[in-house]
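This report looks at charged side chains and at one pair of packed helices. The structure comes first.

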Amino acid sequence: MKIELKNKNIVLGVCGGIAAYKSVELLRRLKKEAANVRVIMTENAQWFVGPVTFEALSGHPVCINLFENGDDATISHIQWAEEADAVVIAPATANIIGKLAGGIADDALSTFLLAVTTPVLVCPSMNTNMYLSPPMQRNIQTIKTDGVIVLEPAAGELACGTEGPGRLPEPEFILDRLKACLTPKDLKGKKILVTAGPTREPIDPVRFISNPSSGKMGYAIARAAEQRGADVVMVSGPVDLPTPFNIEVIKVETAQEMAETVFSNMKDIDIMIMTAAVSDYRPKAQASQKIKKVKEELVLDLTRNQDILKELGAKKTTQFLVGFAAETERLEEHAGQKLKEKNLDIIIGNLVGSPTSGFQAETNQVTIFYKDGSKEPLPLMKKDEVAHILLDRIADII
Ligand code: CTP
């Protein structure tokens, strides 16, 4: 099921690092999703961002010092720890990671962290050499062994001028990982193969046949499955989407490349979900040089591509196979026919051509058709919601 941050109690720990400015944006994003956020800062964090900013955005007093904020400050960290659904420390400095690894509790944040029993996501951000230093790596290993989830820092140019790992990942990415921490791992141990995006069939070195698929539905399924604990391999045509975290993405161009990659990766797969908009035809021959406009009319000779899904349906043994059907008319009839002909367990049918559903849209309105002949029409919803409902149904069946 899709995890909503709405009404979840999230504690945001902010340490003294230059990336503390990004935690303001993270807080804003959390509030946008209607989470109830409380902020604990270290003394040094105040050098970078003032507590008033966090107070105004979170709507709660900020905890900095255990003994400064009146009578109940000394116990509020315990109460916050008991009420928290999840904790995110961003940015996490070498200092707080060292304290966490050593069990030291000498300020509000480190004391709070010892009292927490819910998932803790630590997002280290510091100079590359500090991050790669043996004590730091040792401490990271220790907290990981203790069950803390560590988000590896991104590589790039850092504020101190060095280049390498140490950057705090973007707030959207941290949010994605926070949701993953909260998502029950009902697909743990399952291997899932997803195809996504369009294919490109070259005509000559500068032209190709393709379609407007954005890959959003396939990427949403891959991300949802990863959040639920599955091992995900995605075979993706050319798309303009960020590479999702913790997913093996194999990039391909043509239908033939997609077919070969899918078949060579299907071993040990439990669930195969084919969302790709595969070109049904390709030019019989690819011109080696750019075709010049010398003729008044040009006819392209096309030949059929292999139907990857149909082939999988014929080859499959124990795998659960899901297809998609993009139709412009008679959805039920066409989807039902594809379900049978391709030997599928489920087919997701959608009528394409509307700006709110299908190609490129953020949302999709689909009907799930099952092998036993039943169907389940879903209302218009975001593609990640469709993804989670599909995975719910698959998890129920298998
Ligand atoms: N598919 C595939 N290989 C192809 C064509 C389609 O694997 N060469 C898969 C798609 O990924 C999708 C399903 O088959 O899961 C249905 O694709 P769709 O384009 O709707 O239908 P087609 O089978 O191509 O039939 P038609 O174009 O005649 O509607």
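Start with R38, setting aside its neighbours within four places in sequence. R38 is then in contact with I10, V11, L12, H60, W80 and E83. The model is a predicted one. One of these partners, E83, also makes a polar contact with R38, side chain to side chain, at 2.7 Å. R38 sits in strand β2, which spans residues 36-41. Is R38 buried or exposed? R38 has a relative accessible area of 17% and is buried, because the cut-off for buried is under 20%. L300 is 262 residues away from R38 along the chain, and 63 Å separates their C-alpha atoms.

**Salt bridges**

Side chains of opposite charge can pair when their charged atoms come close. How many salt bridges does the structure hold? The count is 25. The table lists some of them.

| Pair | N to O distance |
|---|---|
| K144 and E152 | 3.1 Å |
| D392 and R228 | 2.7 Å |
| K267 and D268 | 3.8 Å |

Take D392 and R228, which form a salt bridge. D392 belongs to helix α13 (residues 383-397). R228 lies in the loop between α9 (216-227) and β11 (231-236). The pair therefore ties together parts that are 164 residues apart in sequence. R228 is buried, at 0% relative accessibility.

The K144 and E152 side chains also meet in a salt bridge. K144 is partly exposed, with a relative accessible area of 33%. E152 is partly exposed too, at 37% relative accessibility. For the bridge between K267 and D268, the setting is exposed on both sides: K267 and D268 each count as exposed.

Salt bridges also form a network here. Its members are D176, R177, R223 and E226.

**Helix packing**

Two packed helices are described by the angle between their axes and the distance between the axes. How do α9 and α13 pack, and at what angle? The angle is about 55°, and the axes are 8 Å apart. That makes α9 oblique to α13. Their crossing is right-handed. On the α9 side, the contact is made by K216, M217, A220, I221, A224, A225 and Q227. On the α13 side, K383, D384, V386, A387, H388, L390 and L391 take part.

Note on methods. Residues numbered from 1 in each chain as written. Predicted model: local features only at pLDDT ≥ 70, side-chain atom pairs only at ≥ 80, totals over all residues. Heavy atoms only, no water. Salt bridge = Lys/Arg side-chain N within 4 Å of Asp/Glu carboxyl O. Buried < 20%, exposed > 50% of the residue type's maximum accessible area, 1.4 Å probe, protein only. Helix = DSSP H or I, 4+ residues; strand = E, 2+ residues; numbered from the N terminus. Contact = heavy atoms within 4.5 Å. Polar contact = N/O pair within 3.5 Å; in protein donor to acceptor, adjacent residues only side chain to side chain. Axes fitted to C-alpha atoms, helices over the stretch in contact; angles between N-to-C directions. Parallel < 35°, antiparallel > 145°, perpendicular 65-115°, else oblique. Left-handed = near helix turned anticlockwise from the far one by under 90°.
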